[in-house]
Amino acid sequence: MIYIDPLIKNLERVPQPEGRGKYIRLDQNENPDGIPQWLFDEVYSKITPEFLSIYPEETKLTQKYADFFDLKLENITLTCGSVVGMGYIIKVFGEPKKTLLCVSPSFGMYGVYAESVGMNVKTLSYENDHTFKIEKILDAINENTGIVALVNPNMPMGNVYTESEIISVVEKASKHNALVIIDEAYYYFYDKSSLELVKKYDNVVILRTFSKMLSIPALRLGVIIGSKEIVHAINNYKPHYTVNSLALLFGEAIIDNHDKVVKELSEKFNEGKEWFLSALKENGYDIIPSEGCFICISPKYKSTEYIFEKLKEKGILILLGKGALQGFLRVTIWGKKYMQIFMDSLLKIDVED
């Protein structure tokens, strides 16, 4: 029998859902409308057979990104989505038998990647009121800690870590030579970043994505931001040509028009969020407060399983809460029209017998 790495062979993975295009997708934190049409048209006009005939070149977008966010070229590397970026980070810096610390629930791929390189995974639970105490992370960091993963805002809970809390984690991790990953996939919705910490600490690496607010998840474009040494080590491992030219072209257009694009998208998001939160409150629904583009809702009358299936029959996809989120429905927040469609359907399904 051929050799298979036992750490990989023994992983248990769940495939991502497919066939979602025909639904109103409120299950995976996507913007159902995508990027503005004017931006799409501008980029699409540049795609020719000749354009597709050359291997991708990343430096132009990398430099633009660095300039826009007041960083240096050496601080940034692009990836095929931030989920691939976190794999690079854990592969390069994940020391076997050391521990990766993360909260639970959070993005599950941190644990998958850590186990695949022989790390131990320690998850830290939320309180019964769905809040999280930073002291749990601080108390857990010790000489066995290799990596600490902070998703800020965290998904699926929606809580955030303050700057002082993050610094306290970074400084304690530094004493034990541990790396801190700050995952900012949802930072545009919270609008607070830890970028300045990259300039001050050598054990901080930041992950960002063009998939959430910037609305091009199909193109798979992510960013790793860290010290010169961290980025150099990742680039030593990262294969050539892993970010495709279409993603780079759209990425450049987004950065070239960054403030206009973000303003247009965030206005739609904020309008939808404001309306949705008001409607939930008006109709007496309990929620877990969230700073992300998603929110967890507790039904009033029917089970989450029942509502999930009935919504799917109506052509609406949401996420069914499990584990610590048992009894909750997680719903992507976006434009007002989608929130109205969801709310109208919820009120017709979740009714008292």
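**Asn29**

I looked up Asn29 to start, and it counts as buried at 2% relative accessibility. Buried here means under 20% relative accessible area, exposed means over 50%, and partly exposed lies in between, with a 1.4 Å probe and protein chains only. I note that this is a predicted model, where local features need pLDDT of at least 70, side-chain atom pairs count only at pLDDT 80 or more, and totals for chains, interfaces and linings use all residues. Residues are numbered from 1 along each chain as its sequence is written, and side-chain values use heavy atoms, with hydrogens and water left out.

I found Asn29 in the loop between β1 (24–25) and α2 (37–44). Helices (H or I, at least four residues) and strands (E, at least two) are DSSP runs, numbered from the N terminus. The Asn29 side chain makes a polar contact with the side chain of Tyr186, at 2.9 Å. A polar contact is a pair of N or O atoms within 3.5 Å; within protein, one must be able to donate a hydrogen and the other to accept it, and residues adjacent in sequence count only if both atoms are side-chain atoms. Not counting residues up to four places away in sequence, I see Asn29 touching Met155, Tyr186, Lys212, Cys293, Phe294, Arg330 and Thr332. Contact means heavy atoms within 4.5 Å.

**Cores**

I turned to the largest nonpolar core, which has 92 residues. Such a core is a set of buried Ala, Val, Leu, Ile, Met, Phe, Trp, Tyr and Cys residues joined through side-chain atoms within 4.5 Å. Among the members that touch the most others are Ile137, Phe276, Ile318 and Phe342. A second, separate core of 24 residues includes Ile90, Met109, Ala114 and Ala149. In soluble globular proteins, nonpolar side chains tend to be buried together.

I then checked Phe342. Leaving aside neighbours within four places in sequence, Phe342 contacts Leu26, Phe276, Ile297, Leu311, Ile316, Ile318 and Val331.

**Ser345**

Ser345 sits in helix α14 (residues 336–349). I find Ser345 buried, with a relative accessible area of 9%. The Ser345 side chain reaches the backbone oxygen of Ile341 at 3.1 Å. Beyond four places in sequence, Ser345 is in contact with Leu311, Lys314 and Ile316.

**α4 and α10**

How do these helices cross? I read that the axes of α4 (residues 82–93) and α10 (residues 228–237) come within 10 Å and cross at roughly 100 degrees. Axes are lines fitted to C-alpha atoms, for helices over the stretch in contact, and angles run from 0 to 180 degrees between N-to-C directions. α4 and α10 are therefore roughly perpendicular to each other. Angles of 65 to 115 degrees count as roughly perpendicular. From α4, Tyr88, Ile89, Lys91, Val92 and Phe93 make the contact, and from α10, Ile230, Ala233, Ile234 and Tyr237 do.

**Leu197**

Leu197 lies in helix α9 (residues 195–200). I find Leu197 buried, at 6% relative accessible area. Leaving aside neighbours within four places in sequence, Leu197 contacts Ile166, Ile167, Ile182 and Val204.

**Backbone notes**

I found a cis peptide bond from Ser104 to Pro105, with omega near 10 degrees. Another cis bond joins Asn152 and Pro153, where omega is about -5 degrees.

Arg220 has a positive phi of about 55 degrees although it is not a glycine. I place Arg220 in the loop between β7 (204–209) and β8 (222–226). Arg220 is partly exposed, with a relative accessible area of 28%.

Conventions
Parallel < 35°, antiparallel > 145°, perpendicular 65-115°, else oblique.
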